[in-house]
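Please look through the structure shown below.

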Amino acid sequence: MDCLSSCSVNYSVDDVIKKLLAAEQIALTAESVTGKYDMIVSNPPYIRTEEISRLDEEVKLHDPWIALDGKEDGLYFYRLIVKDSIRYLNKGGYILFEIGFDQGKDVSELLKNEGYEEIEIKKDLAGLDRVVMGRYNKE
């Protein structure tokens, strides 16, 4: 089964979203999620706090602060999710993150340090780093 088709194996998208909404904004926590999954997909807040005031008005006025603020270095939620994710992935499961254009290396390193393999950075249509994915092959 390939990576993208496996996301429908366990739950519908709505079920997964409901289970992932948790304490401390959208961070993955043991209290809110149970079970094992083939894939975790996340678009956490990743903008550095100091950069939010410099965003285009369209973004600042459309998205709530809580959806943008990745804390001081923009990696706060990635750290939380990566650390907890291995408890929720089946062997061979994938994690995919949307990232800021300059966060690919840092998020890849977080995954590597937690034991993820096959880590890749994918570019968007503008040629900027946009997605980091990795596979967890341990039990």
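In what order do the four strands of the open sheet lie? The model, which is a predicted one, places them as β1-β2-β4-β3, and the pairing is mixed. At the edges of this sheet are β1, made of residues 37-42, and β3, each of which pairs on one side only. From one strand to the next the twist averages 10 degrees. In general, the strands of a sheet pair through backbone hydrogen bonds and may do so in parallel or antiparallel fashion.

One pairing can be followed in detail. Strand β2 covers residues 89-98 and strand β4 covers residues 129-136; the two run antiparallel and are joined by six bridges. Within this part of the sheet, Glu 98 stands opposite Val 131 of β4.

Helices pack on the sheet as well. Helix α5 touches β1 and β2, and its direction makes about 170 degrees with the direction of β2. Helix α6, residues 104-113, lies across β2, β3 and β4 and runs at about 10 degrees to β4.

The loop between β2 and α6 holds Gln 103. Is this residue buried or exposed? Gln 103 has a relative accessibility of 0%, and because buried means under 20%, it counts as buried. Apart from neighbours within four places in sequence, its contacts are Tyr 46, Arg 48, Asp 73, Gly 74, Leu 75 and Tyr 78. With Tyr 46 there is also a polar approach: a polar atom of the Gln 103 side chain lies 2.9 Å from the backbone oxygen of Tyr 46.

Lys 71 is not a glycine, yet its phi is positive, near 70 degrees. Lys 71 sits in the loop that runs between α4 (65-68) and α5 (76-85). Its relative accessibility is 25%, so Lys 71 counts as partly exposed.

Which strand holds Glu 118? Glu 118 belongs to β3, which spans residues 117-123, and β3 is one of the edge strands of the sheet. Glu 118 also has a positive phi, of about 50 degrees, although it is not a glycine.

Terms used:
Residues numbered from 1 in each chain as written. Predicted model: local features only at pLDDT ≥ 70, side-chain atom pairs only at ≥ 80, totals over all residues. Heavy atoms only, no water. Buried < 20%, exposed > 50% of the residue type's maximum accessible area, 1.4 Å probe, protein only. Pairing = 2+ DSSP bridges. Axes fitted to C-alpha atoms, helices over the stretch in contact; angles between N-to-C directions. Contact = heavy atoms within 4.5 Å. Polar contact = N/O pair within 3.5 Å; in protein donor to acceptor, adjacent residues only side chain to side chain.
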